[in-house]
Amino acid sequence: MKLFVIGVAAALLVSCSSGKKPDDEAFLQSLEKDASAGPGVDEEVINAILEQIPSPLEISVLLKESGSKYAPEMLNSSNNLPRYNSNYKKALNLGIYGTDLGYTNIFGRNQDGIKYISSIKSLADELNIGQFFDTPTIVRLAANSKNLDSLLLVTTLNFNHINHYLQSQSRDNLSVLLLTGGWLEAMQITCQTAAKNPGNKELQEKIGEQKIILEQILLLFSFYESDQNMAALKADLEKLKDAYDKVEISYTYKESTMEIIDGVAVIKDNSTTSINITPENVEEIKNITNSIREKVIS
Amino acid sequence: MKKLVFALLCLSSLGMSPAPDDQECNSENFATACIPKLATGFNFLKSYKVDGLAKDKVEYSYVFTKGTQYMINLCANGAATDGIVVSIFDKERNKVATSKVNGQFISAIAYPCNATGIYYIQYTFDEPSGHCGGSALGFKR
């Protein structure tokens, strides 16, 4: 049944396409990847886990508000684009460039952001999802720093549309890679920033908290072990998990309280988490993250 | 400018969606309409379709982070929530927030998170007629 649905979807998409051969090939390649996903994979489960992964934008906002300086040298150069020839690399680096774009936007460096917009559009086109990336609107919004809210909104919506589309087309393997790339880049930026600010406990805790996200990402990768590329990346992520096993997160629940202010139910969260992470843990996590990210962007 | 962007998004969303029949819940439109209703200062994260025509509850999950304030709002037919209630549960399934307070249906929850972890965002339906809506999630530091 699944093959039939994929077949019909493929036929419809091919018949609606502009006839560009590279696009057709890219789409067919992505279907081959679907076939390599393990049998009995419950797409609803995968999609539910995918929806949990937080936006890298949250980390960029934290970095900006913690007073850290804009550091474009931490980002993946848009000049690396020609290196990404497989769908695997394209999807991962689409996520990486998405995080880099969010970072430049949050810091108001729109000229740098425009380079990423172009790279994102190229990768998205090659993955046959370029129709969801509204380049003219984003470039127009990026031209004026007063449009930051709208710019963040449109880019977030575009990436949400891409993920939903991939999931609806049973190309969730690409969605997993896209989100993993985005997360990996946010990790890299956070680790590098923490290394420059060794006294910043909040950043160290933020790195520690990523243990929760990594567990979800590894769960996602467990569905694609028959895919050679994803299995290799999973093995690398397992090394990161080994480092994270030394980080302890404890949770204490306490009933929350609430009051209504201006028609909004405002909650006072009385629960707490405590993150036990040492500078040595941070260093180890930073080094492993850097090594994985280097492989991905090379 | 923001309104113009939304107008374009709404139009494109309508253009891509099939026209609903009377029995259908066009939750996508409600979800899209909810995004600009996030309070000022909140950055949009996700929109959620709340289609309860065939089920008792609709549930999503998201990792909330300590030190970040989240806002979840509700949109349905009319100005009120049409009996739709959004509740937040922690990873142990303790209820940490709800939009139904003393029998009153509130259209938005502000949740300043103090404990990082997976949270479940659950939508339930208190009115027999109201099973269709949308919701948006935003954050600010």
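Two strands are taken to pair if DSSP finds at least two bridges between them, a criterion that applies to the strands shown in the views below, which come from a predicted model.

**View 1. Strand 3 of chain A pairs with strand 8 of chain B across the chain boundary.** Strand 3 of chain A and strand 8 (residues 108–112) of chain B run parallel and are joined by 2 bridges. Within this pairing, A:Ala265 has B:Ile109 of strand 8 of chain B as its bridge partner.

**View 2. The contact between the chains draws on 37 residues from chain A and 37 residues from chain B.** On the side of chain A that touches chain B, the elements that each supply at least two residues include helix 3 (43–52), helix 10 (201–221) and strand 3 (264–268) of chain A. Helix 8 of chain A gives the largest share of that side, with 8 residues. By residue type, the side of chain A that touches chain B is made up of 20 nonpolar, 11 polar and 6 charged residues.

**View 3. Strand 9 of chain B pairs with strand 2 of chain B and with strand 4 of chain B.** Strand 2 (residues 57–64) and strand 9 (residues 117–125) of chain B run antiparallel and are joined by 8 bridges, and here B:Ser61 lies opposite B:Tyr120 of strand 9. Strand 4 (residues 84–89) of chain B also pairs with strand 9 in the antiparallel sense, over 6 bridges, with B:Phe125 of strand 9 as the bridge partner of B:Ile84.

**View 4. Chain A holds 12 helices and 4 strands.** Of its 298 residues, 44% count as buried.

Key. Residues numbered from 1 in each chain as written. Chains lettered and ligands numbered in written order. Predicted model: local features only at pLDDT ≥ 70, side-chain atom pairs only at ≥ 80, totals over all residues. Buried ≥ 20, exposed ≤ 12 C-beta atoms within 10 Å, placed from the backbone. Contact = placed C-beta atoms within 7 Å. Nonpolar A, V, L, I, M, F, W, Y, C, P; charged D, E, K, R; others polar.
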